[in-house]
Amino acid sequence: MALWMEKGSEPLTENEKADLEAIAAIKESAALELKEKGNQYVKMGKKHYSDAIDCYTRAINQKALSDSETSILFSNRAHVNLLLGNFRRALTDANDALKLNPSSIKAIYRAAKASISLNLLDEAQDYCQMGLHLDPKNEELKKLDNQIGLKILDNEKHEAQVSKAIAEAKEIVSATENRGLKIGKAMYRELTGLKKPVLDKSNILHWPVLLLYAEVMSSDFIEDFCETDMFSVHLDMVFADDQPLPWDVENNYKREFIELYYEAGLGLRLSKEKLLRYLLEGTAAASNGEGIGDDEKDAVDNLKQNQSSPKWIKVNERRTLHDVLKEPNFIIPEIPVFYVVSKQSSFYKKFKDGKWAPPSA
């Protein structure tokens with residue numbers, strides 16, 4: 001019988017031909033029925049999308065329809081895959097539809113939509129241009145083409161911002177390396193946020209600096225402490241007002257009583273890669289891993305101190321920030337932190353005797 005004939009062989013009798021035609025008609029009818037059933041499932045909503053895909057797939061597998069009709073099946077399945085977020089499958093289906101019918105506007109539109117979702121913007125634009133060549137007045141394709149153009153411009157702008165952020169971060173890393181500065185892990189991020197140093201056009205670093213009043217753990221913040229500035233200049237500004245600090249009921253923290261210290265000792269210096277990641281936080285390149293590896297571990301600085309060495313190092317106000325930061329026992333906790341104490345306060349002796357430590361220590 002014709003049902004079991006070898007593939008590619010020709011029917012020998014009129015009966016065999018009739019059998020084949022009958023089978024083809026049955027398969028065609030089944031395919032068309034499955035197509036309509038799939039369309040109904042799509043109209044019934046998301047819960048039935050998988051049923052629609054199954055119907056379209058079974059209709060395609062009948063291999064009983066014309067290229068034009070089969071193209072519609074692929075295009076319809078692409079539509080459902082788009083609705084389900086299966087963008088790669090949707091693009092494959094749309095392309096299979098176009099192989100069978102290169103002028104299918106719906107398949108072109110769906111290929112463009114899938115390409116956008118896959119961030120294949122150049123390909124999406126090509127599909128739109130292909131469709132507009134066939135149908136210049138198609139408003140949906142025009143709208144989509146405009147959207148793609150805007151996305152491409154946004155991507156180019158973002159890429160430029162990423163490149164700029166990475167370049168600036170690398171310049172700051174080089175600047176700290178050239179100065180012999182050591183950057184460590186952050187302290188008091190809840191107070192400092194994502195403040196970072198800035199390198200100006202004259203290759204001078206400008207640091208945000210945190211001042212902590214050790215006695216009460218209150219703080220002041222110097223937004224722009226140029227590395228060439230002396231400490232005295234900024235302290236004069238911070239304490240220019242004769243009004244006592246809100247918590248300083250005994251008025252101990254007057255300018256003439258103020259001393260500044262930094263904490264010295266063993267610490268972990270950030271690797272170059274981790275330093276770059278810190279500098280890129282909050283920028284367009286925050287999630288960009290280009291040129292930044294994970295393999296290098298934090299470097300451990302050999303800052304073995306003698307037992308007689310103090311934990312707290314007093315800052316000479318006549319020195320510049322640069323001079324203090326480059327001290328071999330100073331590891332900058334992402335941004336410089338200095339502790340303010342008053343010689344007039346009863347807390348002063350406790351601090352000087354090494355009987356006080358920061359809460360986070």
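Me: What ground rules apply to the numbers here, and what is left out of side-chain values?
Reply: The model is predicted, with local features needing pLDDT of at least 70, side-chain atom pairs counting only at pLDDT 80 or more, and totals for chains, interfaces and linings using all residues. Residues are numbered from 1 along each chain as its sequence is written, and side-chain values use heavy atoms, leaving out hydrogens and water.

Me: How many helices and strands does the protein chain have?
Reply: These elements are DSSP runs numbered from the N terminus, with helices being H or I of at least four residues and strands being E of at least two. Counted like that, the protein chain has twelve helices and ten strands.

Me: What percentage of the 361 residues count as buried?
Reply: Buried means under 20% relative accessible area, exposed means over 50%, and partly exposed is in between, with a 1.4 Å probe and protein chains only. Of the 361 residues in the protein chain, the buried share is 40%.

Me: What share of the contacts with a separation of 6 or more comes from residues 24 or more positions apart?
Reply: A contact here means heavy atoms within 4.5 Å. Among contacts in the protein chain with a separation of 6 or more, the share from residues 24 or more positions apart is 67%.

Me: Is α2 roughly parallel or antiparallel to α3?
Reply: Axes are lines fitted to C-alpha atoms, for helices over the stretch in contact, and angles run from 0 to 180 degrees between N-to-C directions. The axes of α2 (residues 49–62) and α3 (residues 67–84) come within 9 Å and cross at roughly 155°. Angles under 35 degrees count as roughly parallel, over 145 as roughly antiparallel, 65 to 115 as roughly perpendicular and the rest as oblique. That makes the α2 and α3 pair roughly antiparallel.

Me: Which classes of residue make up the contact of α2 with α3?
Reply: On the α2 side you get residues including Tyr-49, Ile-53 and Tyr-56, and these α2 residues meet an α3 set that includes Phe-74, Arg-77 and Val-80. For the classes, Ala, Val, Leu, Ile, Met, Phe, Trp, Tyr, Cys and Pro count as nonpolar, Asp, Glu, Lys and Arg as charged, and the others, Gly among them, as polar. The tally is eleven nonpolar, three polar and one charged.

Me: Is the crossing of α5 and α6 left-handed or right-handed?
Reply: The axes of α5 (residues 105–117) and α6 (residues 121–134) come within 8 Å and cross at roughly 160°. That makes α5 roughly antiparallel to α6. A crossing is left-handed if the near helix is turned anticlockwise from the far one by less than a right angle, and right-handed if clockwise. The α5 and α6 crossing is left-handed.

Me: How many salt bridges does the count come to?
Reply: The rule asks for a side-chain nitrogen of Lys or Arg within 4 Å of a carboxyl oxygen of Asp or Glu. By that rule the count is 16.

Me: Which helices do Glu-69 and Lys-35 lie in?
Reply: The side chains of Glu-69 and Lys-35 form a salt bridge at 3.1 Å, N to O. Glu-69 is partly exposed at 26% relative accessibility, while Lys-35 is buried at 12%. The pair ties together parts 34 residues apart in sequence, because Glu-69 lies in α3 and Lys-35 in α1.

Me: Which strands does the pair Glu-259 and Lys-314 link?
Reply: These two side chains, Glu-259 and Lys-314, meet in a salt bridge at 3.1 Å, N to O. Glu-259 is buried at 6% relative accessibility, whereas Lys-314 is partly exposed at 48%. The two residues are 55 apart, and the strands they link are β5 and β8.

Me: What covers the buried residues of α10?
Reply: The buried residues of α10 (residues 272–280) include Glu-273, Leu-275 and Tyr-278. Just after α10, Gly-282 takes a positive phi of about 80°. The cover over the buried residues of α10 includes α7, β1 and α8.

Me: How far apart in space are Ile-331 and Glu-263?
Reply: Ile-331 lies in strand β9 and is buried, with a relative accessible area of 15%. Ile-331 and Glu-263 are 68 residues apart in sequence, yet their C-alpha to C-alpha distance is 8.8 Å.
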